[in-house]
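Here are my notes, jotted down while going through the model. Have a look at it first, then read on.

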Amino acid sequence: MNIHEYQAKELFEKFGVATPRGKVADNAAEARAAAVEIGSNIVVKAQVHAGGRGKGTFKNGFKGGVHLVQTPDEAAEIATQMIGQVLVTHQTGEEGKLVSKVMIADAVDIEKEYYLAILMDRESRSPVIVASTEGGVNIEEVAEHTPEKIFHQVIHPLLGLQPYEIRNICAKLGFSGDIAKQFGKLLQGLFKLFMDCDCSMVEVNPLVTTPDGRVLALDAKFDFDDNALYRHPDIAALHDPTEEDPREVEAAKYQLNYIGLDGNIACLVNGAGLAMATMDIIKHCGGEPANFLDVGGGATQEQVRNAFKIILGDPKVKAILVNIFGGIMDCDVIAKGIVAACQEVDLNIPLVVRLEGNNVAAGKETLANSTVDLISADTLADAAAKAVKAIAV
Amino acid sequence: MAILVDENTKILVQGITGSFGGRHAQLSLDYGTQLVAGVTPGKGGQFFADKVPIFDTVAEAVAATGATVSAIFVPPPFAADAILEAVDAGVDLAVTITEGIPVMDMMRVRAGMLGKKTRLIGPNCPGLVTPGLGKDSHGGCRIGIAPGYIHKRGKVGVVSRSGTLTYEAVWQLTNLGLGQSTCVGIGGDPINGTSHLDILKMFNEDPETEAIIMIGEIGGSAEEEAAAWAKEFCTKPMAAFIAGSSAPPGRRMGHAGAIVSGGKGTAAAKIEALRDAGIEVAGNPSDMGQALVRAMG
């Protein structure tokens, strides 16, 4: 789960991670009031999850999701241009993202930009701190061209961040004296935040030093472990469903794991590995999958019905491929779910069904005896080939 | 002989009175598995299915029954504690089926297990099966949630990160007349107990296993590690399949660990590493069984 920049700033403040003063506003009056508190040198930033805001363009023609202003009136004017408008950046896709809030913050002078992140590293099974003197740019490009400028510090999972590890990172970043002291405090706060909030990643890019001798986290990107949200209701509450594909939000309500893609053959599968493999074989046969959809190991008739509705809500979908390996799950239950769903949603595109496993004979009989017009397939390859063929004609 | 477990292995189930754990405990009993105990705190002294004693703690269950393997079905908030309890009770193998355990919990569990004798399989895995010799492989050791009847006792070792995709592979093998020595699901989480490589080494040492099929997916580098080792040391024919070649980068494909991030963990890179190691890679998921046939020449 991701959060907005203003929410990240609030978390930083809570954990003692130094960051420029700032406030969120959802209308011009609030923006003006926030700007009055800051004074001059104010930055107004559109709040969307996507990156590349500064270079983005609003659909109303207004350029840039990040603006520097000097007065509260200007801040209010910019906020008016942004709020309620759709911002398109290189990360949003052409549909863009609706901006409903802006952040008004102190635009600090920057001496130098750095990169700092903490992530959960699967290979070392530990948190890893990643730091670089090359901040403010895409870290993946730094990693590719000048990997020697990126420093990794693996932190012991049970011992946590040690003072010598902070000194190591300071040495690599060239921090000494009071700057090193400030950075140490910032990093300790950031590490505590990472651990206490079950983050899978927190990225500060850029971390900056200022001419007046401060170290500040200027921007932040968070990723939280969804599996741990149950024990962080305060963080779960930061979830903004308007930032996500509405079909994915809808699917989540029924414990369906759905990811929308660009193709036209929808798939409905039980199990994540098999769902991925089903997408692969559609592509292998020359088709394009419209989605990833895992109905889970023990899907109910109700889930299958809702899964069909979500799939058919995508106008790009021209055919459906159902692939169920009923290990423990009864194929007949799935078959009944398919029949019920088709009767309810008035299916008018080809439906290919491949059932295998537990009680498959009864399942196939249920499908055969129904009025549902479907194409039955015996193997995974057969099913994919039939689905691709069905939309070719 | 198979690996890790055989028809004589005594298992206990943590979370046996839950609906999920209970259902699969019953299916294991039906399969003929030596399921000798259950553990649910506060329900000690009761019986599961009128015959399997339930204990309050894993230590009591192990002491009373001699169980050496625990199958863990405990819900995510309590799963880390359940694994550590099994480790402390000294079981050889803790097979964790539970899906949705926080990564931080697994990180601490793994760190806490260092130096202990217990091997962890999973979490978020279908478990493992050493098929039996009876009808529909009855009489084997089934730990977890895999359907027993799709198996057949034989000589192919199966290791996979997935559940239903593993069943698909096993079913293809069985239909080709290729039985299995042991089928191990290592789970789809980013931090797990046992890797592809760990299982590969065991199959390579196991006299009953004559060929190996490895099923991986996008994310991480476990398949590449296994391939690098296999290139040098594996003496048995191997086939593999990698799921997720059509998955978009930056999106988690159901499994918490199945994500291509920062250009790492792509299917293409994994397939290249496998081919480089001389492993026969199935071109699509319908080809897994046939790929092994080709590998065996």
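1. A word on cysteines to begin with: a disulfide is a pair of cysteine sulfur atoms within 2.5 Å. Keep in mind that this is a predicted model.

2. Take A:Cys285 as one case. A:Cys285 is partly exposed, its relative accessible area being 29%.

3. What keeps B:Cys183 from bonding to B:Cys141? The sulfur of B:Cys183 has its closest cysteine sulfur in B:Cys141, but the two are 12 Å apart, so they are too far for a bond. B:Cys183 counts as buried, because its relative accessibility is 5% and the cut-off for buried is under 20%.

4. Now the sheet in chain A. Four strands make up an open sheet, ordered E1-E7-E2-E4, with antiparallel pairing. Strand E1 (22-25) and strand E4 (66-69) of chain A are the edges, each pairing on one side only. From one strand to the next, the twist averages 20 degrees.

5. Zooming in on one pairing: strand E2 (residues 42-46) of chain A runs antiparallel to E4(A), and four bridges join them. A:Lys45 has A:Val66 in E4(A) as its bridge partner.

6. Two helices of chain A go with these strands. Helix H3 (residues 72-82) packs on the sheet and touches E2, E4 and E7 of chain A, its direction making about 160 degrees with that of E4(A). Helix H1 (residues 5-14) of chain A lies across E1, E2 and strand E7 (102-106), at about 45 degrees to E7(A).

7. On to the rings: there are ten aromatic pairs over all chains. One to look at is B:Trp229 with B:Phe233: the ring centres are 5.7 Å apart and the planes are at 40 degrees, so this pair is tilted. Both residues, B:Trp229 and B:Phe233, lie in helix H7 (residues 222-233) of chain B, four residues apart, or about one turn of the helix.

8. Is B:Trp229 buried or exposed? B:Trp229 counts as buried at 16% relative accessibility, while B:Phe233 is partly exposed with a relative accessible area of 45%.

9. A:Phe325, B:Tyr149, B:Tyr167 and B:Trp171 are linked into a cluster by ring pairs. In chain A, the charged end of A:Lys112 sits over the ring of A:Tyr114, 5.2 Å from the ring's centre.

Conventions:
Residues numbered from 1 in each chain as written. Chains lettered and ligands numbered in written order. Predicted model: local features only at pLDDT ≥ 70, side-chain atom pairs only at ≥ 80, totals over all residues. Heavy atoms only, no water. Buried < 20%, exposed > 50% of the residue type's maximum accessible area, 1.4 Å probe, protein only. Pairing = 2+ DSSP bridges. Axes fitted to C-alpha atoms, helices over the stretch in contact; angles between N-to-C directions. Contact = heavy atoms within 4.5 Å. Phe/Tyr/Trp six-rings, centres within 6.5 Å; stacked < 30°, edge-to-face > 60°. Lys NZ or Arg CZ within 6 Å of the ring centre and 35° of its normal.
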